[in-house]
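Subject: Structure handover

Hello,

Here is the structure I said I would pass on. My notes on what was found in it follow below.

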Amino acid sequence: MDISTPIISNVRVTEINYDTARISWETSDETSGLVEYGLSGALGSSVSAPGYFASRSVLFSGLVYPANYYFKISALNKTGLGAVYTGGNFYVPPKITTNIDPWGVINTNQPVVIEVTNPVVSSITYTLNNQTVTQPVSPDMPLEIYVSSCQGQGSLSLNMGGFAYAADF
C-alpha cells in the first residue's frame, strides 16, 4: 500500500494559440488528475484526466481570446492521497491574420485582421507608424487594419481592454 503523498512537478503550458493551450505535468506517483481553470481565480471550469499515470497532458480548446486564464491541478493516487498545484496562469492571444506572404511581402489589398471572442474586450488600441488609434471590436466585428506598401514591414502594438499584445509583420 502506497502511503506517500504524490508531488506535482514540471508544470508547463505549451501549444498556446488563439483558442487552445496544453497543460502538462508530472507526479511522483501514478495519479488521476483534474485541472480547474477559468478567467478569474474563482476558476469555474474543469477537465478530468482519468486513469493513473505519472505524466499528464490536457489540451484545452475553445478558449476565449484574448484572455488571461488561471488554473489549478489536483492529483489523486490509488490510495486516495492527493496533491494540489495552485497559481498557474497563461495568456491566450487574439487571433491575428496578417497580410504578409511567405516571402515577407505585404499584400496591401488584404488587411491585418484581429479577431476576439472575449466579450469583455470591446475596443483595441493599436499603434502603427507612431500613430495610435482606438477602434471598437466584438466577437461579431473583427478589426481590420490596412497597411500600405509605403509603410513597409514593422510592428503592431495592441492594447485590448487591459490585455497587451505585440506582433511583428
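The structure, which is a predicted model, holds 6 aromatic pairs. One of them joins Y18 and Y65: the ring centres lie 5.1 Å apart and the planes stand at 75°, so this pair is edge-to-face. Y18 sits in the loop between β1 (8-14) and β2 (20-38), while Y65 sits in the loop between β3 (45-61) and β4 (67-77), so the pair ties together parts that are 47 residues apart in sequence. Y18 is partly exposed, at a relative accessible area of 25%, whereas Y65 is buried, at 7%.

A tilted pair is formed by F71 and F90, with 6.1 Å from centre to centre and 45° between the planes. F71 belongs to strand β4 and F90 to strand β5 (residues 82-92), so parts that are 19 residues apart in sequence are tied together here. Both F71 and F90 are buried. These two residues also belong to a cluster linked by ring pairs, together with Y37, F60, Y69 and Y85.

F90 turns up again in the largest nonpolar core. That core has 19 residues, of which I23, W25, V35, L63 and F90 touch the most other members. At least two of its residues come from each of β2, β3, β4 and β5. Another core lies apart from it and has 12 residues, including I114, V116, V121 and L143.

For the chain as a whole, the secondary structure comes to 0 helices and 12 strands. The chain has 169 residues, and 34% of them count as buried. It exposes about 9,100 Å², with carbon and sulfur atoms supplying 49% of that area. Of the contacts between residues at least 6 apart in sequence, 57% join residues at least 24 apart.

Next, the strand pairing around β4. The bridge partner of E36 in β4 is K72, and the bridge partner of I73 in β5 is Y85. The hairpin of β4 and β5 has 4 residues between the strands, and G80 there takes a positive phi near 90°.

K78 meets E30 at 3.6 Å, N to O. K78 lies in the loop between β4 and β5 and E30 in strand β2, so the pair ties together parts that are 48 residues apart in sequence. K78 counts as exposed, at 58% relative accessibility, and E30 as partly exposed, at 38%.

K72 meets E36 at 3.5 Å, N to O.

One more salt bridge involves E115 and K95, at 3.9 Å, N to O. E115 lies in strand β7 (residues 112-115) and K95 in strand β6 (residues 95-97), so the parts tied together are 20 residues apart in sequence. E115 is partly exposed, at 25%, and K95 is likewise partly exposed, at 24%.

Regards

Terms used:
Residues are numbered from 1 along each chain as its sequence is written. This is a predicted model: local features need pLDDT of at least 70, side-chain atom pairs count only at pLDDT 80 or more; totals for chains, interfaces and linings use all residues. Side-chain values use heavy atoms; hydrogens and water are left out. Buried means under 20% relative accessible area, exposed over 50%, partly exposed in between (1.4 Å probe, protein chains only). Contact means heavy atoms within 4.5 Å. Accessible areas come from the Shrake-Rupley method with a 1.4 Å probe; for residues, only the protein chains shown count as cover. Rings of Phe, Tyr and Trp (its six-membered ring) pair if their centres lie within 6.5 Å; planes under 30 degrees apart count as stacked, over 60 as edge-to-face and the rest as tilted. A nonpolar core is a set of buried Ala, Val, Leu, Ile, Met, Phe, Trp, Tyr and Cys residues joined through side-chain atoms within 4.5 Å. Two strands pair if DSSP finds at least two bridges between them. A salt bridge is a side-chain nitrogen of Lys or Arg within 4 Å of a carboxyl oxygen of Asp or Glu.
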